[in-house]
Amino acid sequence: MSIDERPFRQGYPSDLTDAEWDLIAELLPTPIWIRNLQEPKYHPREIMNAIRYRTRTGCSWRQLPHDFPPLSSVYQWYQRWTKDGVLDDIHDRLRRMVRVKAGREPEPTAAIVDSQSVKATDVGGPTGFDAKKKGERTKASSPRRRHGDAPRRADHTGIDARS
């Protein structure tokens, strides 16, 4: 089968439309092959359709339908395109197009970081919001305080204060 031909199969809702394919086709590298050797078996559009199917359905690689190219080929192309930044380029190009169509600048100028989704560093150690007091528990939760006992204290001579 030539790289220009695609096999006929039942379409999935996640498949690329012709208009979508026209937008990203030039970003996908064509498979390199040497004459007199085996030419590429699978059309890049079918590989992209399989990747989109997996992304949309959330299935594992082994659960790809059998009318897509084999999972080993799809996974190999996915890994190559991810490593080479092809999938990021597609995402960036589509994001720019959506922003321009919405009347905004192609690139975002600001970002908002939610403080609850950003983890803090553990540089200072496990200190809480108690202004670096020494105990892990507060004084109110101490067992002696709950029963009304005064804590034992020794003065500077080492003699117990209650004796």
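Reader: Which residues are linked with Asp92 in a network of salt bridges?

Author: Happy to start there! Arg95, Arg96 and Glu107 join Asp92 in that network. Please keep in mind that this is a predicted model, where local features need pLDDT of at least 70 and side-chain atom pairs count only at pLDDT 80 or more, while totals for chains, interfaces and linings use all residues. Residues are numbered from 1 along each chain as its sequence is written, and side-chain values use heavy atoms, leaving out hydrogens and water.

Reader: Why is the contact between Arg95 and Asp92 called a salt bridge?

Author: The term asks for a side-chain nitrogen of Lys or Arg within 4 Å of a carboxyl oxygen of Asp or Glu. A helix here is a DSSP run (H or I, at least four residues), numbered from the N terminus.

Reader: What makes Arg95 and Glu107 a pair that ties parts together?

Author: Their side chains form a salt bridge at 3.1 Å, N to O. Arg95 lies in helix H4 and Glu107 in the loop between H4 and helix H5 (143-146), so the pair ties together parts that are 12 residues apart in sequence.

Reader: Why is Glu26 counted as exposed?

Author: Exposed means over 50% relative accessible area, buried under 20%, and partly exposed in between (1.4 Å probe, protein chains only). Glu26 has 60%, so it counts as exposed. Arg93, at 26%, is partly exposed.

Reader: What makes the nonpolar surface patch?

Author: Leu23, Leu94 and Met97 make it, and it covers about 220 Å². A patch takes residues with over 30% relative accessible area and no salt bridge; like charges are joined within 9 Å, nonpolar side chains (Val, Leu, Ile, Met, Phe, Trp, Tyr) within 5 Å. Areas come from the Shrake-Rupley method with a 1.4 Å probe, and for residues only the protein chains shown count as cover. Met97, at 37%, is over the 30% cut-off, so it passes that test.

Reader: Why is a space called a cavity or a pocket?

Author: On a 1 Å grid over the protein atoms alone, a cavity is a set of points where a 1.4 Å probe fits but cannot get out, while a pocket is an open set with protein on both sides within 12 Å along at least five of seven lines; lining residues have an atom within 4 Å of a point. Grid points are joined across faces, edges and corners, and a volume is the space filled by probe spheres on them. The largest pocket has a volume of about 440 Å³. Of its 16 lining residues, the closest to its centre are Met48, Arg52, Leu87, Ile90 and Leu94. H2 gives the most to this lining, with 6 residues.

Methods:
Helix = DSSP H or I, 4+ residues; strand = E, 2+ residues; numbered from the N terminus.
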